[in-house]
Amino acid sequence: MESAGQQLVLQSYPGLQFFAIFNPKLQFDEESISSSDLDETELEVKRKLLCFIRFDGAETSSFQKFKLIGMIEGLQDFSSKFRGGNKLRFIDTQKTRLILLNVEQDYWLVLSIRLAEVKVTATNEKIFTLRFLALPEYTEAELQEGYRWWRLHNGEFSFNYNQLPLDSFTQLLEDWWYTWCKNKWVNFEIKSEGFVDVDHSFRKSSIELPNGFTDSLEANLAEWMSEDPEILDIIIMNTTKTPIKNFGVLWKNKDSKFEQESIVDLIRYQQCIALTVGLTTNNLSEGNVLSPSEVDPTSPEEERENLFYLIANQSLSFLEPSKNFLTTQLGNILYPATMTLDAMSSISGYMPEVSWFYNKGETPPTLEAPQANDDAENTPDAKVNEKRGKFLIGMVKLHTNTDEKEICDKLVFLKQKDEPTYMEHKLLIYEVAGLTFTAIYRGDCASLNEPEYYRKLEDSLYKIWQTCLYRLVLENIKEYQSCVKSEPSTFYYLLYDRPSDSHQSSFPVISFRGSDEDFGELDSDVFSTLTLKDNETIKGSILNSTSKPKNAKEISKSQLISLNQSILSLSTESRSEQEILLPDEKLLKTGRNWWVLFKDLGESQAYGTSLIIAKKFDSKDPSKKDIFNNSDSDDNLVSSLGEDVSEWWEQFTRSV
């Protein structure tokens, strides 16, 4: 155990120990297994254990595996009897943390993590610590996410067990989960969307939509889908990440043929790819999480914010669609932060002139979908008539410098409401100016093998983009430029809607990429008693230079992770140094002068069922002293966080 004031030297970071999948109820045909050389223990392990991957190089005997399965079964049986039927989810021992997850009936995932090891300088004693680990609820959520990615790309365990020879199934499990574990857990800290990921909800875009937008879009989509009955469903997403609140789903079919959990899995998969490595054909073709070392587009010699580096490497432009649109498609090669909003006048000439509002089901008679003309001169007028969309999945270009194309399939397993299990379906993904259309088809759809089908489909999708969505691109660009020029926000919000499993958020995304940083650059109060042995640098950890703030008002990566840890802890344990409680509201104080509001909005609100706001008060801010008395009413703590929060909340609720 650690004690205050101890000087500790880091010996090793947390690491993967082993991963296992087992089902105690499985049976096999003993005649198909040569049991002459297997004793009873080995037969039992072979029957129950589908996958066992060791990451630390240690040998594990059949007897040890048998004991592990027996221990987990025993603990779960004990837990169900004395904990109201609740299953045991994790176990912390002196040296390890064990995460236990029941994913399908009787199928269990087991993840073992070796704890970080430190040395006490005064005694040279080596001890293990929970530092550098997220809360177990978060690691459990990451493991759950792994299963959902598996199910999306391979189907349920039970389906594979019944369809594949046992040896083929177990080999597939071992290969897939080895890749997932190694690439996912580069470190065990909070990453990506942080505490939000625990709820497995998808992100909705918070971009302001004009009146009539949804009706107009739905009318056009309904007409298009009625003309093409092979399309089962459609999802439209905004992939612009600056500001991050605008990233997310713009439209999802409320009358979808698919189970909500299945659609949520598909959306979260695409959003994870977009936030981490970018939506490209290669990245979307993969059925597993990619290694950070394989996808990090930056190099030590290049500045991360160097726009010319992005222009010279067009394959990387998908990481920030608005920046790419400003530079490569509009011909503006100035650094966006130096441009004025007056420059937006040049964009209006680029956009097609169509009416933004019209009666439901009507299309302006003057609107014609532009057709690319190979013989047209390269003039500004000709550029307006070129389609600037592209298929990410579908009829894709083989190389960026040629016109040669081929059909790229994406097979996924989704569950329709009238089907008993997850079935094969195919995706088509079309992107234009940072907005993506994802269409879902049957797995045996013959039209997806015909090049002519893609040409007709592109005409339809591009027409919908022109008619309904192009002004959102303009809004994306304006907000992007405003964001890079403005001061960082003083607070973050999350609106969660339980019925739709969705959320809107302005919380920054935590990059999973790491780089070297000297320990001296770390925040002084973060792990202040921990030093590194032999002048070692920290790689890919919570204390990481990729988030070093540009100015004192920006939040660093270490602070952001700490804030996410605190919110997750407060939401599960409801403990704080100071707190204000009202019916359906809770205002809690955490470290570094952060105050976090938890507000239950009820089930009838159009914008969500619960609200979380996090705001950091400056130590010299006089309003901080009166935070307990700042509320303007007895039943609303939002106003206690300051005028900026009150104004945002009033404007947001009025716009919904």
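The model is predicted. It has 656 residues, of which 52% count as buried. The protein contains 17 helices and 23 strands. Among contacts with a separation of 6 or more, 67% join residues 24 or more positions apart.

- Five strands form an open sheet in the order 3-2-6-5-4, and their pairing is antiparallel.
- Strand 3 and strand 4 (90-92) are the edge strands; each has a single partner strand, so one side of each lacks a neighbour in the sheet.
- On average, neighbouring strands of this sheet are turned by 10° against each other, direction ignored.
- Three bridges hold the antiparallel pairing of strand 4 with strand 5.
- Within strand 5, isoleucine 99 is the residue opposite phenylalanine 90.
- Helix 3 packs on the sheet and touches strand 2, strand 4, strand 5 and strand 6.
- The direction of helix 3 makes about 40° with that of strand 5.

**Helix 2**

- Helix 2 spans residues 62-82, 21 residues in total.
- From first C-alpha to last, helix 2 reaches 30 Å, close to the 30 Å expected at 1.5 Å a residue.
- Its buried residues are Lys65, Leu68, Ile69, Ile72, Gln76 and Ser79.
- Viewed down the axis of helix 2, these buried residues fall within an arc of 100°, so they line one face of the helix.
- In general, an α-helix has 3.6 residues a turn, so residues three or four places apart point the same way.
- The face of helix 2 turned away from the buried side carries the exposed residues Phe78, Lys81 and Phe82.
- The cover over the buried residues of helix 2 includes strand 2 (15-22), helix 1 (40-48) and strand 3 (49-54).
- Strand 5 (96-104) and strand 6 (107-114) are also part of that cover.

- Helix 3 (residues 136-154) has 19 residues, which should span 27 Å at 1.5 Å a residue; its end C-alpha atoms are 27 Å apart, in agreement.
- Glycine 155 follows helix 3 and has a positive phi, near 90°.
- The axes of helix 3 and helix 7 (residues 260-276) come within 10 Å and cross at roughly 105°.
- Angles of 65 to 115 degrees count as roughly perpendicular, and helix 3 and helix 7 therefore fall in that class.
- On the helix 3 side, the residues that meet helix 7 are Glu145, Arg148, Trp149, Arg151, Leu152 and His153.
- Their counterparts in helix 7 are Glu261, Asp265, Leu266, Arg268, Tyr269, Cys272 and Ile273.

**Strands 10 and 11**

- Strand 10 (residues 233-238) and strand 11 run antiparallel and are joined by four bridges.
- Isoleucine 236 has tryptophan 251 in strand 11 as its bridge partner.
- Strand 11 (residues 248-252) is mostly covered, with four of its five residues buried.

**Lysine 25**

- Lysine 25 sits in the loop between strand 2 and helix 1.
- Lysine 25 is exposed, with a relative accessible area of 54%.
- Apart from neighbours within four places in sequence, lysine 25 is in contact with Arg47 and Asp106.
- Lysine 25 and lysine 48 are 23 residues apart along the chain, with their C-alpha atoms separated by 7.1 Å.

Technical notes:
Residues are numbered from 1 along each chain as its sequence is written. This is a predicted model: local features need pLDDT of at least 70, side-chain atom pairs count only at pLDDT 80 or more; totals for chains, interfaces and linings use all residues. Side-chain values use heavy atoms; hydrogens and water are left out. Helices (H or I, at least four residues) and strands (E, at least two) are DSSP runs, numbered from the N terminus. The expected span of a helix is 1.5 Å times one less than its number of residues. Buried means under 20% relative accessible area, exposed over 50%, partly exposed in between (1.4 Å probe, protein chains only). The arc is that of the directions from the helix axis to the C-beta atoms. Contact means heavy atoms within 4.5 Å. Two strands pair if DSSP finds at least two bridges between them. Axes are lines fitted to C-alpha atoms, for helices over the stretch in contact, and angles run from 0 to 180 degrees between N-to-C directions. Angles under 35 degrees count as roughly parallel, over 145 as roughly antiparallel, 65 to 115 as roughly perpendicular and the rest as oblique.
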